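Here is a set of questions and answers for someone meeting this structure at the start of their studies.

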Amino acid sequence: MSITVLNPGLLTTVQDLGRMGYQQFGVSVSGVMDPRAAAIGNILVGNPQGEAVLECTLMGPQLKFETDEVIAVTGGDLSPTLDGQPVPAYAALAVKAGQTLRFGAPKAGCRAYIAFAGGLDIPLVMGSRSTYMKAAIGGFEGRKLQKGDVLGLRAPVAGYANLHQRAIAPEFVPRPVYTLRVVLGPQDDAFTPEGVATFLGSEYTVTNEFDRMGCRMDGPAIQHKNGGDIISDGIAFGAIQVPGSGKPILMGADRQTTGGYTKIATVISADFRLLAQLKAGDKVRFEAVSVQAAQQALHFQRGALALLADVVKG
């Protein structure tokens, strides 16, 4: 009951919803960059939403299945195929022992997710199966996958009677400019009114410096009142740091636990599905919303996931 890695792709890691409760000890939360895509994949294959998945960046892996299994591929379109035949996105798929899942050139987005019915046989470390590569914690030996790795499956499922019903329309749609909703703060008062207006009124471009830790943006400089340094404090997923250069940095799942740059705003949780799919050259604008609007958007998203889970059960 296993999967053999024939080719690991560019960056493929085991991730779940993250390692909660350990930031006070300097341990990053990690977890999937796109929680919604991962949750949908798990729902489609009959797993709890927080089950561990494989997160694939830009160029996905080649995986040979040694047992029958049901999988789902969600998130960005990285051209998945099964024995050379295109794999439908956002749909449960029965895979037979001996078949090989491959990924080709990325068509849309940056990250894809592979969910496995019954879950991956990966040990829990501090309550999570997520990989934190910088500290070699969790996941598969604390690192990205390599050629020859063998991943166990805890309780593989050969098929479902309603397999054809376990599908939805692919969610991620590329666009010329991505609008990320943000809640201003916690240090928005460290910027001039003109600086805040620049941040909310300008278009920024994702640079080549982007990974699971953060994403540097290029565009008009955001003006501080008295520089970009502060006494280090906690950093949330989606926090937007602005150092002295005035260029924003979007913080990701593998962000450091604390940092000493001013944070002008934070991307709302409901828009992590867009943040996770950004890649070099993509254009971004920021739209300020209230805390109440951010909470409502997350509540709506969670409700939609709960409804999908009920529907696929049949």
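Q: How many helices and strands are there in the chain?
A: In this predicted model, the chain has four helices and 19 strands.

Q: What percentage of the residues of the chain count as buried?
A: The share is 53% of the 314 residues, where buried stands for a relative accessible area under 20%.

Q: Why is Leu 275 called buried?
A: The cut-off for buried is under 20% relative accessible area, and Leu 275 has a relative accessibility of 5%, so it counts as buried. Leu 275 belongs to helix H3, which covers residues 272–275. Outside its sequence neighbours up to four places away, Leu 275 touches Leu 180, Phe 237, Gly 238, Leu 250 and Met 251. Leu 275 and Met 33 are 242 residues apart in sequence, while their C-alpha atoms are 8.0 Å apart in space.

Q: Why is Ile 3 called buried?
A: With 0% relative accessibility, Ile 3 counts as buried, because the limit is under 20%. Ile 3 is part of strand E1, residues 2–7, and among the residues that it touches beyond four places in sequence are Leu 63, Phe 65, Phe 116 and Val 150. Ile 3 and Pro 176, on the other hand, are 173 residues apart in sequence and 37 Å apart in space, C-alpha to C-alpha.

Q: Which residues touch the most other members of the largest nonpolar core?
A: This core has 52 residues, and those touching the most other members are Leu 180, Phe 199, Ile 240, Leu 250, Ile 264, Leu 278 and Phe 286. Helix H1, residues 35–44, gives the most to this core, with six residues. Apart from this core lies another one of 26 residues, including Val 14, Ala 52, Ile 114 and Leu 120.

Q: How do you know that the buried residues of helix H2 are on the same side of H2?
A: The buried residues of H2, which runs over residues 193–201, are Gly 195, Val 196 and Phe 199. They cover an arc of only 100° around the axis, and therefore they lie on the same side of H2. On the other side of H2, Pro 193 and Glu 194 are exposed. The strands against which the buried residues of H2 pack include E12 (177–184), E13 (204–210) and E16 (239–242).

Q: How do you know that the span of helix H4 agrees with its number of residues?
A: Helix H4 has 23 residues (291–313), which at 1.5 Å a residue should span 33 Å, and because its end C-alpha atoms are 34 Å apart, the two values agree. The buried residues of H4 are Ala 294, Ala 297, Gln 301, Leu 305, Leu 308, Ala 309 and Val 312, and what covers them includes H1, E12 and H3.

Terms used:
Residues numbered from 1 in each chain as written. Predicted model: local features only at pLDDT ≥ 70, side-chain atom pairs only at ≥ 80, totals over all residues. Heavy atoms only, no water. Helix = DSSP H or I, 4+ residues; strand = E, 2+ residues; numbered from the N terminus. Buried < 20%, exposed > 50% of the residue type's maximum accessible area, 1.4 Å probe, protein only. Contact = heavy atoms within 4.5 Å. Core = buried A, V, L, I, M, F, W, Y, C linked by side-chain atoms within 4.5 Å. Arc of directions from axis to C-beta. Expected span 1.5 Å × (residues − 1).
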